[in-house]
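Please read this report with the sequence and the model side by side, and look up each residue as it is named. The sections go from single pairs of residues to the contact between the chains.

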Amino acid sequence: MKRRFAKVLAVATGLALATTGCSGDDKPATGADGKTILTVALWNYDTTPEFKALVEAYEAAHPDVDVQPVDILADDYPQKVTTMLAGGDSTDVITMKNVIDYARFGTRGQLASLKDEVDKLDKSKYRGLDAFDLEGDYFALPYRQDFWVLYYNKKLLANSGADLTSLTWQEYADLAKKTTKGSGANAVYGTYQHTWRSLVQAVAAAQTGGDQLSGDYGFMKPQYTMALDLEKAGATLKWSTAKTQKVTYHTMFSEEKAAMLPMGTWYAARLIDEKKAGKISVDWGMAPLPQATEGGSTTFGSPTAFAVNKKARNAEAAKKFVSWASGEKGAAAIAKIGVFPAYADQSILDLYFGVDGMANDDVAKKAFQPGEVKLEMPVSEKSSDVDTVLNEEHELIMAGEKSVDAGIAEMGKRVKSEVG
Amino acid sequence: MVSTTASASTPRTRSRLRRRNTLAGWSFILPNFIGFAALTLVPVVATMALAFMKWNSYSTPEWVGLDNFRRMVDNANFWTALYNTTYYAVGHVPLTLVAALGFAVLLNRKLRGVRFFRTALFFPYITSLVAVAVVWNMLFSPDAGPVNQFLRAVGVDSPPGWTTSTTWAMPALIITSVWRDMGYYMVLYLAGLQTIPGELYEAAKMDGASPWQRFRHITLPSLRPTTFFVLIMLTISSFKVFDLVQVMTEGGPGRSTLVLSQLIFREGIEQGRFGYSSAIAMVLFVVVLLVTVVQFRLQQRKER
């Protein structure tokens with residue numbers, strides 16, 4: 001009985017220990033019909049249309065390959081992949097959901113080097129490749145590049161007369177306050193600031209040149225002040241309410257409870273999809289992310305990439321798939337459904353803005369040509385630990401448990417002493 | 001065994017018989033033992049070994065001696081988690097115990113609809129924990145939540161922020177867990193109450209004992225074995241609490257509800273520092289072991 005508490009953890013570590021070195025499954029490398037079976041670890045296959053688009057397009061172009069998705073619940077994805085790789089699983093292709101996880105798998109030596117493939121690329125047409133540079137080597141190739149923009153409700157902002165092409169955060173806040181109507185359950189907020197720390201911290205880092213790993217976080221202060229001020233003015237749903245009620249940004253925006261929403265480009269595909277299906281009716285548009293300084297044009301984002309498992313059963317086929325998906329053909333396949341690829345030239349952009357239901361006015365086109373896309377979180381061995389600290393202190397500041405100054409000071413102190 | 005003749009008593013056949021019995025015994029427990037060994041014993045031993053190693057689940061484990069423990073002593077997260085876990089246990093154990101005992105005594109009478117109430121109280125225990133956490137989170141919501149609306153209605157001007165407040169997040173967790181667990185322990189107490197002979201109460205009544213005296217001098221002492229069992233189970237489950245915290249607050253706000261099992265999960269599964277996380281698991285093991293041993297000792301002394 002006393003041993004029980006250790007069991008849960010011990011089973012996980014022990015089993016992982018026991019199975020390291022064995023290949024996880026005994027599926028054959030080729031199917032009964034002689035096709036090469038290529039397994040791809042990904043998340044929420046049914047509700048993430050880009051995966052289906054890629055898999056189907058690849059199979060159509062390569063009739064000798066049978067791509068088999070290994071579907072994992074999105075929320076559990078990082079943990080599940082960690083366990084799989086630790087257990088010596090032989091899934092061929094592993095999708096890298098974010099660069100922090102990538103850095104972890106890459107530095108641990110769990111992914112195969114793709115340096116040869118990278119050398120063949122036309123780098124001028126890629127966004128987000130730098131994020132995968134681990135001391136000169138590459139272990140994954142990005143196939144999509146999301147960055148943050150400002151979504152807005154055309155109807156709710158119709159009479160505001162605001163010019164959305166070049167807002168500063170101050171102008172954004174003023175506009176939000178002006179647009180807010182009603183209060184309590186019937187309120188229509190001027191904007192919805194989601195609970196994530198990136199909305200404050202990564203914005204500040206990208207647009208003021210601050211470094212989220214530095215341990216010196218004074219640069220976040222103006223952004224925090226703005227976020228808290230919005231809340232105080234009632235122009236956005238309170239952070240604590242959003243957090244405890246597990247409010248989704250989709251609900252706030254699509255049910256027209258908020259006129260604006262700073263969010264990533266990934267959200268466009270969902271809006272298009274649900275509008276087509278008749279589930280939502282919001283008339284939405286896209287504008288560049290507001291800026292810290294007048295005339296700036298910097299946003300942030302994170303690329304999503306495919307990597308080849310070092311223990312892949314079909315390493316060669318996996319490499320081919322990864323290069324294809326991140327290249328021109330893969331880009332075309334996902335641009336067609338409203339997902340912004342890492343590889344982009346004019347023909348891809350045309351495909352993207354040609355998608356039925358896509359916002360494609362001049363404001364939206366401007367949103368898609370940001371001056372610079374910074375990485376949401378710098379890649380380093382420390383990223384994941386720093387992320388934990390920044391997230392905890394973000395919660396305390398937003399919940400009003402700590403003042404902005406105290407929270408920022410504590411972040412610096414903890415990052416220096418705990419991560420160091 | 002059928003033909004136990006005189007010859008069976010010669011030393012040789014006796015030892016053969018013993019061997020056969022031993023083998024039979026082993027074969028009976030073998031299926032269970034294999035499962036236990038593979039799924040519990042090996043991992044537990046591996047954890048103990050890993051606590052002295054550095055291992056990221058991929059490389060070869062590297063012996064680092066006491067490094068993991070030194071790191072733990074210097075790490076504020078560990079002390080915060082240890083404090084929070086103790087706080088949780090100190091709140092959760094007595095409150096659940098009292099609530100379970102109270103309801104058991106209350107529902108041990110011949111009341112109308114007693115079965116309904118017993119079932120109702122057991123219900124939280126069989127409800128999905130994720131659902132429980134989500135619903136309680138909404139109940140505790142600082143502005144729109146019914147708990148605070150009620151508090152405001154009865155005249156509390158600035159009710160607590162519950163799961164958004166560093167001071168009140170842990171009490172909110174404790175309340176939720178007491179609500180969830182009390183039904184289960186109530187059933188254990190109900191079973192204990194059934195074993196107390198009715199004559200004792202009758203005799204006490206004859207001697208003019210008040211209801212409180214009867215409870216104090218008959219019910220409580222008779223329930224001592226049950227109480228001991230409940231106490232041990234509650235203590236162990238409190239120290240290894242994980243799921244409720246993970247779904248309800250994720251250790252937040254900040255680190256105000258970060259508990260040891262969560263730290264183990266975070267360091268091991270999320271950050272891939274399996275050596276360090278095993279070391280924390282060892283400490284958790286020792287803490288629970290000590291608390292349990294102390295409880296056993298106290299119990300023995302009482303029985304003497």
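E395(A) lies in helix α16 (residues 383-398) of chain A and K243(A) in helix α9 (residues 239-244) of chain A, so the pair ties together parts that are 152 residues apart in sequence. Helices (H or I, at least four residues) and strands (E, at least two) are DSSP runs, numbered from the N terminus. E395(A) counts as buried at 8% relative accessibility, whereas K243(A), at 29%, counts as partly exposed; buried means under 20% relative accessible area, exposed over 50%, and partly exposed in between, with a 1.4 Å probe and protein chains only.

Residues are numbered from 1 along each chain as its sequence is written, while chains are lettered from A and ligands numbered from 1 in the order in which they are written. Because the model is predicted, local features need pLDDT of at least 70 and side-chain atom pairs count only at pLDDT 80 or more, although totals for chains, interfaces and linings use all residues, and side-chain values use heavy atoms, with hydrogens and water left out.

## Strand β6 and its partners

Over all chains, the structure holds 25 salt bridges. One of them joins the side chains of E50(A) and R144(A), at 2.3 Å from N to O. Since E50(A) lies in helix α2 (residues 49-61) of chain A and R144(A) in strand β6 of chain A, the pair ties together parts that are 94 residues apart in sequence. Both partners are buried, E50(A) with a relative accessible area of 3% and R144(A) with one of 7%.

Strand β6 (residues 140-153) of chain A also holds D146(A), which counts as buried at 5% relative accessibility. The C-alpha atoms of D146(A) and T265(A) are separated by 5.3 Å, although the two residues are 119 residues apart along the chain. A polar atom of the D146(A) side chain lies 3.1 Å from the backbone nitrogen of W266(A). Apart from neighbours within four places in sequence, D146(A) is in contact (heavy atoms within 4.5 Å) with T265(A), W266(A), G301(A), S302(A) and T304(A).

## Helix α11 of chain A

In helix α11 (residues 266-276) of chain A, the residues Y267(A), A268(A), A269(A), L271(A), I272(A) and E274(A) are buried. The buried residues of this helix pack against β6, α10 (249-254), β7 (260-264), β8 (284-288) and α14 (346-353) of chain A.

E274(A) is buried, with a relative accessible area of 14%, but R270(A) is partly exposed, with 39%.

## Where the two chains meet

How many residues of chain B are in contact with chain A? There are 52 residues of chain B in contact with 43 residues of chain A. Between them the chains bury about 4,200 Å², 61% of it on carbon and sulfur atoms; buried area is the accessible area (1.4 Å probe) that two parts lose on being put together, summed over both.

The count between chain B and chain A is 4 salt bridges, including the one in which the side chains of R255(B) and E392(A) meet at 4.0 Å, N to O. The largest share of the side of chain B that touches chain A, 9 residues, comes from α13(B).

## Confidence in the model

The pLDDT is the predictor's confidence in each residue, from 0 to 100. Chain A has a mean pLDDT of 86, and 93% of its residues reach 70 or more, although over residues 5-26 of chain A the pLDDT is below 50. For chain B the mean pLDDT is 87, and 96% of its residues reach 70 or more, while residues 1-6 of chain B have a pLDDT below 50. The model scores ipTM 0.76 and pTM 0.80.

Technical notes
A polar contact is a pair of N or O atoms within 3.5 Å; within protein, one must be able to donate a hydrogen and the other to accept it, and residues adjacent in sequence count only if both atoms are side-chain atoms.
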